[in-house]
Amino acid sequence: MAKQRVLTGITTTGTPHLGNYVGAIRPSIAASQDSTLDSFFFLADYHALIKGQGPELVRQSTKEIAATWLALGLDTDHALFYRQSDIPEIPELTWVLNCNAAKGLMNRAHAYKAAVQANEDAGEDPDFAITMGLFSYPVLMAADILMFNANSIPVGRDQIQHVEMARDIAGRFNHNFAEVFTLPVAAVDDNVAVLQGLDGRKMSKSYNNTIPLFLPEKKLRKHINKIKTNLLEPGEPKDPDDSTVFQVWAAFADAAETARMRKAFEEGIAWGEAKKQLFELIDAELAPARVRYDELMEDPGHIESELLKGAERAREHSSALMAKVRDAVGISRIR
Ligand code: TRP
């Protein structure tokens, strides 16, 4: 049986934080070590343009995200690790898929609908500030996925609809032209923690409540000290299930350490002490990778060569697939 092909993209907006690490990076790197799977991970820098944050932020984020995955030990001889924009067949396929994707399907995309709704709520024109990039975002994402015949797409819940759209577009193309595409399925892992941020809501750049992954030690400690707690005094029992400190602890600790901390909460551990232990736990897991991260950030040539190596391997797949697609739709040499 052919190996399962796992593929996921990371939009290059922002600096990786603990939530990204626990929810996506750590499980992806672990999966890439599974020899029954073929892994494809890529930096979705064309997707980043949709957010319109400007060239410097895209450049910086691309570098930081690449350095992060490499520092955490992604084995790039095994997994394919590349930059979307290094694969010219992706925008090429995007156009062909655009010609096969129903506009009505795109009208139903959550992200687009939310943008329209926000405009209506603000009394604006429904299309205010909505670009074609935002509207056709799911088509670019479909091209990312279908290009490599991936079957399993690990994503957060907010992306399930996009994977379903890719599947829909693939089915339609296969029906109209030729059986070129594998139908992808979203893989949502309910065991992976959705980490809480400083204010107790989901850790997310849009809430400005994140703890960046590779902060220097002192700053990491400071951030952890900023996690919101209640006013219970040392000695007063605390509810672990209502605490961000405990929730983050559980995402980094093994079962025995989690049980120990649960008991400490019930016995009234002081918030300062719980946070001190949390800092030590996280720091111990991240410190070795942080050293490599700092080295990589000083050695962009190395990051670049890793990405180019990935792109070269990825293009063996993408150029072959694109040849099939072109042929299927009637774009070929005149014979
Ligand atoms: N849209 C995804 C996100 O914002 C990133 C992404 C782009 C992606 N292309 C993809 C994820 C292909 C999975 C497969 O999280």
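Student: Why is Thr 12 called buried?

Tutor: Happy to start there, and keep in mind that this is a predicted model. The relative accessible area of Thr 12 is 0%, and buried means under 20%, so Thr 12 counts as buried.

Student: Where does Thr 12 lie, and what does Thr 12 touch?

Tutor: Thr 12 lies in the loop between β1 (4-11) and α1 (18-32). Leaving aside residues up to four places away in sequence, Thr 12 touches Leu 43, Ala 44, Asp 45, Ala 48, Leu 57, Val 58, Ser 61, Thr 62 and Ile 65.

Student: Let's turn to α4. Which residues of helix α4 are buried?

Tutor: In helix α4 (residues 89-98), the buried residues are Glu 89, Ile 90, Leu 93, Thr 94, Val 96 and Leu 97. Seen down the axis of α4, these buried residues fall within an arc of 165°, so they line one face of the helix. The elements that cover them include α8 (137-146), α9 (160-176) and α14 (300-329).

Student: What makes Glu 89 count as buried?

Tutor: Its relative accessibility is 7%. The cut-off for buried is under 20%, so Glu 89 counts as buried.

Student: Which residue forms a salt bridge with Glu 89, and how do you know that the pair is a salt bridge?

Tutor: Arg 315 is the partner, and the closest N and O atoms are 2.8 Å apart. A salt bridge needs a side-chain nitrogen of Lys or Arg within 4 Å of a carboxyl oxygen of Asp or Glu, so Arg 315 and Glu 89 form one. Arg 315 lies in helix α14 and Glu 89 in helix α4, so the pair ties together parts that are 226 residues apart in sequence.

Student: Is Arg 315 buried, partly exposed or exposed?

Tutor: Arg 315 has a relative accessible area of 35%.

Student: What about Lys 309 and Asp 77: what makes the pair a salt bridge?

Tutor: Their side chains meet at 3.0 Å, N to O. The limit is 4 Å, so this pair is a salt bridge. The two residues are 232 residues apart, with Lys 309 in helix α14 and Asp 77 in the loop between α3 (55-71) and β3 (80-83). Together with Glu 306, they are linked in a network of salt bridges.

Student: Why does Asp 77 count as exposed?

Tutor: Exposed means over 50%. Asp 77 has 59% relative accessibility, so Asp 77 counts as exposed. Lys 309, at 28%, counts as partly exposed.

Student: Which domains does the protein have, and what separates their centres?

Tutor: The domain assignment gives domain 1 (4-194 + 300-329) and domain 2 (214-295). Their centres, taken over C-alpha atoms, are separated by 33 Å.

Student: How do you know that the two domains touch?

Tutor: The contact takes 11 residues from domain 1 and 10 residues from domain 2. About 920 Å² is buried between them, and carbon and sulfur atoms give 62% of that area. Leu 18, Tyr 21 and Ala 71 supply 46% of the area that domain 1 buries against domain 2, more than any other three residues.

Student: How many salt bridges does the rule find across the interface of domain 1 and domain 2?

Tutor: The rule finds 1 salt bridge there. There are also 5 residue pairs in polar contact between domain 1 and domain 2. On the side of domain 1 that touches domain 2, α1 and α3 each supply at least two residues.

Notes. Residues numbered from 1 in each chain as written. Predicted model: local features only at pLDDT ≥ 70, side-chain atom pairs only at ≥ 80, totals over all residues. Heavy atoms only, no water. Buried < 20%, exposed > 50% of the residue type's maximum accessible area, 1.4 Å probe, protein only. Helix = DSSP H or I, 4+ residues; strand = E, 2+ residues; numbered from the N terminus. Arc of directions from axis to C-beta. Contact = heavy atoms within 4.5 Å. Domains from an automatic or database assignment. Buried area = accessible area lost by both parts, 1.4 Å probe. Polar contact = N/O pair within 3.5 Å; in protein donor to acceptor, adjacent residues only side chain to side chain.
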